[in-house]
Each structure stands twice: as C-alpha cells, then as structure tokens.
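Visitor: Could you take me through one part of this protein up close? I'd like to hear about the aromatic residues and what surrounds them.

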Amino acid sequence: QKIATQQRAIASVAKDATRNQSLIVKGSRPERKQNQIEDFSSWDVVKKIQRGEQGVGVFKDLKGDERLIAYLPLAKYGWGVIFSQDKKTAFAVRDRAVSVGIVFYTIFIVYALLLSLIVSNLQLNLRRYVASLEAKVKERTGYIAKEKSKYEAMLASIGEGVIIVDTKAVILRVNLVASKMLGLKEEEVVGKRLFDVISVED
C-alpha cells in the first residue's frame with residue numbers, strides 16, 4: 001500500500017510537470033508538497049531537456065556551484081531526468097589519477113635527464129681519454145722517430161764495420177763501412193742469416 005501511495009504521488013507530480021515543463025522533483029521520495037517542488041526554468045540543463053537533448057556535462061546550478069550533470073528527456077512522459085553530483089566529488093578519482101600520472105611523468109623526465117647527463121659525461125670523458133691517448137701516441141712516435149734519426153746518424157758515422165743481427169743471427173742493419181767490406185749493398189744482406197753472408201774464416 002505504501003508503494004502504491006508513492007507511485008500515485010509520482011504520477012501526480014508527473015502530470016504537474018507535463019503542464020509546466022520547468023518543475024523538477026527533488027529527493028528520492030517525491031510527495032505533493034509545495035516545498036519539495038522548485039522552478040528551474042532558467043537552468044540551462046532544463047532548457048536542453050525541453051529541446052529534447054541528452055548528454056553529460058559540467059553546469060552551474062542556480063547557486064553558482066559547478067556540478068557534473070547527466071540529463072535525459074523522457075519524451076513519452078513529457079518530462080526528463082537529471083542526475084547531479086558536485087564537480088569536485090565527481091572528478092576526485094580522475095584528479096587523483098592525473099596527479100599520480102604527473103608525478104610518474106615528472107620522475108620519468110628527471111630520470112631521463114639524469115641518464116642523458118650521465119651518458120653525455122661518459123662520452124665527454126671517453127673523448128678526452130681518446131684524445132689523451134692519441135697525444136701520447138703522437139708524442140711517443142715523435143720520440144721514436146727522433147731516436148731513430150740519432151741512431152741512423154751514429155751508425156753512419158762509425159768508422160768500423162757494424163752489422164746488427166737479432167737473436168737468430170738474421171741481419172737487421174749494416175753500416176756503410178760493413179757494406180763496403182762485404183762488397184754488398186745493405187738491402188742485399190738485410191734479412192739474411194749472418195753466416196750465409198760471411199764465413200768464420202772471413
């Protein structure tokens with residue numbers, strides 16, 4: 001009986017809403033009391049419903065507060081339904097997700113920048129090290145060339161015949177005096193075994 005009474009109350013209010021499309025029932029248990037029915041004819045959402053539109057959006061209520069509202073016209077009955085929630089409450093989960101996303105994105109950017117800085121620093125140090133090695137090699141090469149020139153000059157200036165061999169008695173160098181003594185040019189004896197060029201009796 002109680003449910004039947006509520007249904008009759010809803011039907012009665014619906015008839016009023018049909019006659020005046022700007023009346024909205026507030027509360028989950030509508031009853032025909034003047035203080036529970038308000039005029040929302042100036043509200044944009046009501047105007048949309050009157051035009052047969054439906055959707056979801058953020059609107060300001062008559063108090064100026066922003067609310068997330070879903071609205072749907074019920075053309076069959078000549079009225080509509082509005083579901084409303086405070087904007088901050090409605091978007092709380094989304095805002096938290098966005099905040100978390102921003103935090104993670106910021107951490108990722110900082111990490112990427114630090115990694116890039118570390119890689120750049122390593123590359124710079126590597127370039128410096130390579131440049132240092134190249135400078136040392138160049139310096140050492142110059143030193144060896146200088147020493148070789150000295151050695152060549154000393155070998156040429158010696159008045160005695162000089163034959164330079166390795167541990168296997170292979171001739172590496174001969175000076176001009178030794179070349180004349182052997183009767184052979186330096187390029188003719190270099191690479192040969194000493195005892196193939198001269199004999200013990202010599």
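Guide: Let's start with Phe59, which counts as buried because its relative accessibility is 15% (buried means under 20% relative accessible area, exposed over 50%, partly exposed in between, using a 1.4 Å probe and protein chains only). Tyr71 is buried too, at 9% relative accessibility.

A quick word on the ground rules. This is a predicted model, so local features need pLDDT of at least 70 and side-chain atom pairs count only at pLDDT 80 or more, while totals for chains, interfaces and linings use all residues. Residues are numbered from 1 along each chain as its sequence is written, and side-chain values use heavy atoms, with hydrogens and water left out.

Back to our two rings. Searching the whole structure turns up one aromatic pair, and it's Phe59 with Tyr71: the ring centres sit 5.9 Å apart and the planes meet at 75 degrees, so this is an edge-to-face pair. (Rings of Phe, Tyr and Trp, the last by its six-membered ring, pair if their centres lie within 6.5 Å; planes under 30 degrees apart are stacked, over 60 edge-to-face, and the rest tilted.) Phe59 belongs to strand β3 (residues 55-60) and Tyr71 to strand β4, so the pair ties together parts twelve residues apart in sequence. Helices here are DSSP runs of H or I with at least four residues, strands are runs of E with at least two, and both are numbered from the N terminus.

Phe59 and Tyr71 are both members of the largest nonpolar core, which has eight residues; the others are Phe40, Trp43, Val45, Val46, Ile49 and Ile69. (Such a core is a set of buried Ala, Val, Leu, Ile, Met, Phe, Trp, Tyr and Cys residues joined through side-chain atoms within 4.5 Å.) Two elements, α2 (44-50) and β4 (66-74), each give two or more residues to this core, and α2 gives the most, with three. Apart from it there's another core, of six residues, including Ala169, Ile171, Ala178 and Val189. In soluble globular proteins, nonpolar side chains tend to be buried together.

To put that in the setting of the chain: there are seven helices and seven strands, running α-β-β-α-β-β-β-α-α-β-β-α-α-α from the N terminus. Buried residues account for 14% of the 202 residues, and Phe59 and Tyr71 are among them.
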